[in-house]
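The following exercises are to be worked with the sequence and the coordinates at hand. Each task is followed by a solution in steps.

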Amino acid sequence: MNPNVIKLHNLRFRWPGQAEDILHIPDMQIHQGEHLFIQGSSGSGKTTLLNIISGINCPNAGTVQVLDTALANLSTIQRDQFRVDHLGVIFQQFNLLPYLSLLENVQLPCWFSHKRKAQAGDEAALRLLDELQIPKHLVNKPVNALSVGQQQRVAVARALIGRPEIIIADEPTSALDTNNRNRFLELLFSEANQQGSTLVFVSHDPHIAQKFSRVIELSDINHAGETII
Amino acid sequence: MKLLKLAAKSAWNRKISLSLAMFSIAISILLLLGVDKIRKEAKNSFINTISQTDLIVGARSGPVNLLLYSVFHIGNATNNISYASYQKIAAKKRVKWTVPISLGDSHRGFRVMGTSRDYFRYYRYANARTLQFQHGKPFVDVYDAVIGYEVARALNYSLNDNIIISHGIVSSKFAEHDDKPFRIVGILKKTGTPVDRTIQVSLQGIEAIHIDWQSGTRSGLKISAEQARKMGLEPKAITAFMLGLENKIDTFRLQRKINEYRAEPLLAIIPGATLATLWQTIGNFEKVLLVVSALVLMAGLIGLLTTLLTTLNERRREMAVLRAVGAHAYHVMLLFVLEATFVVAGGCVLGVALLYLIQSVIQPLVADLYGIHISLCLLDGEQLLVLGAAVLLGILFSLIPGLIAYKRSLQDGLMVKI
């Protein structure tokens with residue numbers, strides 16, 4: 001059996017000033033190399049969960065272990081470094097910085113992480129862009145010359161560069177049409193498989209769930225808001 | 001280094017609003033340094049007008065008034081002093097030299113000053129410099145005149161030209177000493193003082209042109225220039241006189257003695273002290289200007305702050321992306337600080353460049369029009385301090401949007417709702 005890359009135990013989280021927890025996850029494990037789909041409706045705490053896994057927010061109680069590192073043991077600055085060293089992140093949209101070229105956008109994690117830079121090597125950005133079917137002539141163009149579909153694929157290249165162990169995606173397909181969405185997922189899966197990255201994908205969209213190796217309904221594992229009998 | 005590149009590229013992306021902010025800072029820096037420069041130049045040329053004169057003596061009025069009319073030729077004497085008193089004080093044994101001054105006439109808008117040849121020997125300006133001749137030599141004859149640099153240039157006079165002196169300070173066709181023309185025997189070099197705009201003649205010359213005048217008008221009696229020359233041209237009164245002592249220690253004692261002089265009411269002033277008093281009065285105005293320009297700089301910096309604050313929302317997405325790729329929250333704050341530093345430092349450089357540009361353009365003009373030489377020197381410590389303070393203030397101001405962005409990026413994380 002594959003080792004666990006992410007382990008949550010007795011996790012509780014509430015936003016400051018709120019009376020109730022938004023997350024209460026007694027136990028959750030994500031295995032290495034798996035493509036996990038976390039489904040949940042809007043406001044169910046999907047993004048909050050990703051914020052916790054990526055070390056931006058800290059839980060009020062419980063432990064978060066990512067790659068055998070307890071995030072609680074790290075300082076905020078160490079968590080920031082840990083995030084760029086081991087995680088690639090893809091947002092819903094507007095992933096790219098408009099003032100950087102396409103290539104610089106892809107290389108951005110290497111600017112903040114020696115580890116990613118060393119693992120990427122020199123040609124990684126171009127190779128990834130090529131594999132993600134971004135036309136060569138766009139490479140040095142400003143990012144707003146790209147279609148939304150192309151922008152999301154560039155975001156995948158940025159998440160993958162330097163082979164981080166975990167890819168986190170927050171509704172990356174919600175702005176794409178069906179064709180683009182399927183193509184996006186295929187490429188994402190094949191690249192993640194190729195470098196052995198674990199994929200954690202959250203979305204409210206049940207139609208794409210069947211493409212993943214494992215599907216979790218957030219409301220099934222999240223006990224927050226349930227009345228204690 | 002990467003952060004610097006990011007900050008530069010991000011700032012370049014918003015170059016229009018930022019360059020406007022930079023330009024307004026450049027203008028305020030230009031204003032601040034320019035006012036400071038003018039203030040220092042003005043003070044210099046003011047303080048440099050007279051030096052090494054221990055006392056100026058005139059009829060009793062106010063010290064500033066005496067200084068203004070005797071040295072700066074601004075305004076008029078309230079009264080004259082008798083030549084006898086002048087001679088009596090000049091003969092005192094501690095007095096090394098005296099230079100009489102007799103004012104009241106003019107030539108085409110330039111003051112005519114009656115004096116003695118000692119003027120060219122003892123008058124000092126700008127740290128002990130003596131008057132130098134560009135052409136010619138001091139006056140010898142009764143009808144000789146020595147003109148200042150500015151007079152020669154403005155009226156295009158050269159040696160041996162004849163000039164007619166007008167009675168009074170406003171030249172009028174009806175009150176000209178046209179029967180007794182003066183010959184230019186000397187032209188002085190530029191001094192940057194009122195001397196440049198003055199025509200110097202001997203006391204005897206002043207006496208000669210007034211010999212057939214009574215209370216401001218021509219008397220019926222006509223005395224020709226040659227006849228006058230033969231008459232006793234001993235002046236009866238002068239306007240004021242400058243005085244140098246053998247030993248400066250005696251200054252206050254002699255000043256008191258002159259102020260208590262019994263024969264007529266006299267006033268003796270120490271030029272340096274009165275200059276300082278006068279400058280304090282004018283200097284307040286300069287300070288107000290300086291305060292106004294400092295406020296303009298503040299306005300420029302607040303403009304920058306406004307620009308930074310308005311970008312906060314549109315940059316929220318940018319900050320989330322940077323946080324996702326490993327930027328710390330303090331990196332986010334640094335981006336704002338770096339950006340403000342670019343803008344203010346750029347504004348300073350631009351402002352200084354504009355200052356030098358304007359100076360080099362107006363330098364010949366100001367020299368021509370006012371005889372003030374603006375030196376194109378390096379920035380002094382005070383001005384560098386102003387620039388440093390501007391950058392520091394800019395950084396301090398940028399901490400406001402920086403801290404807001406810092407706090408937000410801690411809360412927002414990867415989740416940005418716009």
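**Exercise 1.** How far apart do the end C-alpha atoms of residues 332–358 of chain B lie, and what percentage of the span is helix?

*Solution.* The model is a predicted one, in which local features need pLDDT of at least 70, side-chain atom pairs count only at pLDDT 80 or more, and totals for chains, interfaces and linings use all residues. Residues are numbered from 1 along each chain as its sequence is written, while chains are lettered from A and ligands numbered from 1 in the order in which they are written.

Step 1. The end C-alpha atoms of residues 332–358 of chain B are 39 Å apart, and the span is 100% helix and 0% strand. Helices (H or I, at least four residues) and strands (E, at least two) are DSSP runs, numbered from the N terminus.

Step 2. The unreviewed UniProt entry annotates residues 332–358 of chain B as "transmembrane region", along with 16–35, 263–282, 288–312 and 384–406. Such positions are given in the numbering used here, feature names are shortened, and annotations may be inferred rather than shown by experiment.

Step 3. Residues 263–282 of chain B, by contrast, are 60% helix and 20% strand, with end C-alpha atoms 35 Å apart.

**Exercise 2.** Describe the overall dimensions of chain B.

*Solution.* Step 1. The C-alpha trace of chain B spans about 105 × 45 × 30 Å along its principal axes.

Step 2. The radius of gyration of chain B is 32 Å, whereas a compact globule of 418 residues would have one near 22 Å. The radius is taken over C-alpha atoms, and the globule rule is 2.2 Å times the number of residues to the power 0.38.

Step 3. Chain B has 13 helices and 16 strands, and 39% of its 418 residues count as buried. A residue is buried if 20 or more other C-beta atoms, placed from the backbone, lie within 10 Å of its own.

**Exercise 3.** Which strands of chain B pair with S10(B), and in which sense?

*Solution.* Step 1. Strand S10 (residues 182–188) of chain B has six of its seven residues buried.

Step 2. Two strands pair if DSSP finds at least two bridges between them. S7 (residues 133–136) of chain B pairs with S10(B) in the antiparallel sense over three bridges; B:Phe133 has B:Leu188 as its bridge partner.

Step 3. S8 (residues 144–147) of chain B and S10(B) are parallel, with four bridges, and B:Asp144 is bridged to B:Arg183.

Step 4. S9 (residues 162–163) of chain B runs antiparallel to S10(B), joined by two bridges. The bridge partner of B:Asn162 is B:Arg183.

**Exercise 4.** Is H6(A) mostly covered or mostly uncovered, and what covers its buried residues?

*Solution.* Step 1. Helix H6 (residues 148–160) of chain A has 13 residues, which should span 18 Å at 1.5 Å a residue; its end C-alpha atoms are 18 Å apart, so the two agree. The expected span is 1.5 Å times one less than the number of residues.

Step 2. H6(A) is mostly covered, with 11 of its 13 residues buried, among them A:Arg153 and A:Arg158.

Step 3. The covering elements include helix H3 (102–112) and helix H5 (124–131) of chain A. Two residues are in contact if their C-beta atoms, placed from the backbone, lie within 7 Å.

Step 4. H3(A) is itself mostly covered, nine of its 11 residues being buried. What covers these includes H6 of chain A and H1 of chain B.

Conventions:
Buried ≥ 20, exposed ≤ 12 C-beta atoms within 10 Å, placed from the backbone.
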